[in-house]
Amino acid sequence: TLGFKQVSISSALVAMVRAVPRGFTATVDAYLTPVIRLYLSGFLEGFDEGLKDVTVSFMQSDGGLTPEHRFSGHKAILSGPAGGVVGFARTTFGLETNQPIIGFDMGGTSTDVSRYDGTYEQVLETQTAGVIIQAPQLDINTVAAGGGSILKFQAGTFKVGPESVSAHPGPVCYRKGGQLAVTDANLLLGRVIPDFFPYIFGPNENEPLDLEGTRAAFESLAPTINSYRREHDSHSKEMSVEQIALGFLDVANEAMCRPIRQLTEMKGYETSKHTLACFGGAGPQHACAIARALGMREVIIHRFCGILSAYGMGLADVVEEAQEPYAAVYSLDSLAEAKQRANKLAEVATRQLRLQGFRKDDIKVETLLNLRYEGTDTAMMIREPEDGSSDFAGAFLKQFRQEYGFELQRKAILISDVRVHATGITNILQPVILDKAKNEPQEEGRRHRVYFGSGWHDTPVYMLEKLLWGHTIPGPAVIMSGNSTILVEPDCKAAITKYGNVHIEIAAAQPPATLSRLSMVKADVIQLSIFNNRFMGIAEQMGRTLQRTSISTNIKERLDFSCALFSPDGGLVANAPHVPVHLGAMSSTVCWQLQHWGQNLKEGDVLVTNHPAAGGSHLPDITVITPVFKDAILIFFVASRGHHAEIGGITPGSMPPFSKAIWEEGTAIKAFKLVEGGVFQEDGITNILTAGMKNTEEEETCDSGHMVPGTRRIEDNLSDLKAQVAANQRGIALIGELIEQYGLEVVQAYMHHVQANAEEAVREMLKSMAQNVLSQSRAEHDELVVLEAEDYMDDGSTIHLKLTIDGRKGEASFDFEGTSPEVLSNWNAPEAVTAAAIIYCLRCLVDVDIPLNQGCLAPVSINIPKGSFLSPSDKAAVVGGNVLTSQRITDVVLTAFQACACSQGCMNNLTFGDATFGYYETIAGGSGAGPTWKGTSGVQCHMTNTRMTDPEIFEQRYPVLLHRFGLRANSGGVGKHRGGDGVIRDIEFRKSVTVSILSERRVHAPRGLAGGKDGARGENYLLKTDGRRLFLGGKNTVRVKAGERLQILTPGGGGWGSPDS
């Protein structure tokens, strides 16, 4: 080991394809395992003889135990939450209920949610703290909302988290100078009772919870909230501190509902048809509210809910797993080979369990195959069917249909891995049955005042340890379990089960009384936060539906898509955090269609478009729009935009570097009803996409009558278009639920309220920006601020911006007069792209958490000279405008605001293929540094955030060898804060293909700011087999031969501040 105390080998830790997550996993293991070993050594040394004859087991992330000497860092990441999953699964399912269960584990800093329906749902890849871990783990989703989540009133809305007060200093009530947190709200409302907590708080850890200090903190916040409300509604009533605290809890509960909806509905399950199992220190206080919000009718709270994760470890079995990769097409022969491999792996896993003392009869072995469709990355680990049929393919198809709603026809099923899961049954803990109750439950001392939506209630308190099987307790009530507080809300009823757990029946949700009286003109600050969450959640679920039901690599795996919700006038209301260049531009698309179709839109219509003149970005980005009606009145729109890898044009992949007219770039659709009267117009859209394009005008760009082929992958196009329709339908259904709950008037009112809230935040940012500039220049504060910035595309065409900010009104004018005319090439950018770049920049500059919506542009006017390459004709080629010019516009806007140095200013678009296949990717580079931060290296930034195909998948699926993919050292601009480095990508082709590169910043470097130096320019090379190295420039199409290599060196980001400062 060359002196190293720990060596982690990725292939030994994770015998699976995908180099990047495997490398992350090895890195995490190398970091954590020595720390764990040190802890275990100290722990064991504290016992006589180090517990040498005692079996000491530790929980792993997969829900199984393992002996001390086999405990490894990469399998310990979620060991605590995994104990909770085992705890609720083993004590609830089949004992307390036969319904599927949602686990809800709310602690101090976060909340973990999971699902159990008879088997543990595992995933093989998760992302924790931004790091990808590739190892068997229980499927646990975490949201940054717990008892310690900080409460803030910001930008006119209530905010809960994601920041946490942590254990020290903790909430205000801990008496250590902390900030208001969820625990404080529960304490103020009587849901946390100090009498039942030990005196361990304060500097000397000898004082009780500080109710008076918590009340004082809320009272100091109340004037700010009430003053804001009066400014916006002179008739608004003062909010009491109790109403404010309850409002924060309502917002927190909604934030915690979102991951539960995602966990169930993204897999095709109905959330309301689950039982909620609540545990953790804070979970039982929120159980009734969470269940009611999700439409659930029952809650189970274990008697040891505060320590259920620890209790679950006592219920867990010892697990040994073995796995190896096996690449084959699924068939009878390959299945037989896979089972032979599984038998050998089972011998290894069983031997390990026998060495730990397990008898053969106490060992259970399962065989699993990791299966996927040919041409996709969506693999599923499939257990061998219990009926003994060994029909893994049938089980795969069933699960695929459940999660994605369809099957892929004429696609082979591939085996990727063989895995065995061996379990040593422990039977350490067994449930204990309580005596039946003979008398009514006895209250514990005096009643305590607890605040609910209807006001204060004198509420009885019970000790769980004194309750017996059959005791029933109507709400409101508080049940103290010794280490947690269980809140039974009004109209709910608790019953003690035979095992001593608490079963709560949840009354059906009633329409909130406050909402039925809401003003349609003014927004309620609490409901504004809740509706922001709900609208955002709808867009997220649309995105998950699109990802689930699509088949193309671009949408399903690179995530090159966006989904959003729009008001009846076409204004953006909410979007999930998808691709920025899509989201800001989609409103223009919806508005164009609304104006084009007018009164010809009817219920059951779905529109499709991709034309830049109709609000599109570039032709591969196809937008599907669904207008939604109620009583023949248009009430809102939903839309999804996805990048289709093939849409026709002069090159495969539809990203030609040298296109000079839009006809050369593929099929252009201004307006078509993809679905009319509920009928999918498959023949019509097929004819449009496959017909090809013909230039019928005399132009210098191409010969008159020249034909350009239509799409080369019509089946993929049709499948993804249907997926987009399905995503829109999912959004419609979810908004329908929202309307059913709150009423159409309220929902539509809050569509506009969230836009107004974003507008206000942008206005405040512009006022602050103007004041800062004026104070630095010692000018009068009533003057307008005028800022200018200019940058160049590599051909010399200019983007010029004159930015005028009115500091009194909080308004800004973006004037692009002086920008070069339309270019005879393809980096012309439709006006919608410029709007998208501006809305993105404004959202970045607003230093508070607001949704990106149409309100961001309300205080802004944009002037783009007609005929410039930012407002080209409808004949202009535009394929590069979306992926190149959008990045340069962003750099110019951020430079004008002096916000940060220029980033790589390009998406480095690479396509290659032949008549049988096509591949497309964007390549990362360096981001620009700022006044307080270094630039990030090797990152997709600004107007794109799509994924890169893993190197091993890349080589497995395409005729290529990846020689190098790493950071381009020292390519970031130097400065007080250095710009991020670009990357080097070196690809060898194993067959003859056509390669196209569409890139920028090969002539003009990304600029530094405030004295920082420029980042390095990008470079593209072709390495011939005879040793020549050819410079390709920024844009080129070449026919490469087998053995030739493409080297792409992407730009670095600019530096910030003088290097000497």
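Student: Where does Pro476 lie?
Tutor: Pro476 sits in the loop between β19 (472-474) and β20 (477-480). Keep in mind that this is a predicted model.
Student: What kind of peptide bond joins Gly475 and Pro476?
Tutor: A cis one, with omega at about 5°. Most peptide bonds are trans.
Student: Next topic, backbone angles. What is phi of Asp631?
Tutor: Near 55°. That is a positive value, and Asp631 is not glycine. Most residues other than glycine have a negative phi.
Student: Where is Asp631 found?
Tutor: In the loop between β27 (621-630) and β28 (633-643).
Student: Is Asp631 buried or exposed?
Tutor: Exposed, because its relative accessible area is 67% and the cut-off for exposed is over 50%.
Student: And what about phi of His942?
Tutor: Positive too, about 60°, and His942 is not a glycine. His942 is in the loop between β38 (918-922) and α20 (951-957).
Student: Does His942 count as buried or exposed?
Tutor: Buried, at 13% relative accessibility. The cut-off for buried is under 20%.
Student: Now sheets. What is the order of the strands in the open sheet of five?
Tutor: β39-β40-β45-β42-β43, with antiparallel pairing.
Student: Which strands stand at the edges?
Tutor: β39 (960-967) and β43 (1029-1031). Each has a single partner strand, so one side of each has no neighbour in the sheet. The twist averages 15° from one strand to the next.
Student: How many bridges pair β42 and β43?
Tutor: Three, in the antiparallel sense. β42 covers residues 1019-1023. Tyr1021 has Phe1031 in β43 as its bridge partner.

Technical notes: Residues numbered from 1 in each chain as written. Predicted model: local features only at pLDDT ≥ 70, side-chain atom pairs only at ≥ 80, totals over all residues. Heavy atoms only, no water. Pairing = 2+ DSSP bridges. Helix = DSSP H or I, 4+ residues; strand = E, 2+ residues; numbered from the N terminus. Axes fitted to C-alpha atoms, helices over the stretch in contact; angles between N-to-C directions. Buried < 20%, exposed > 50% of the residue type's maximum accessible area, 1.4 Å probe, protein only.
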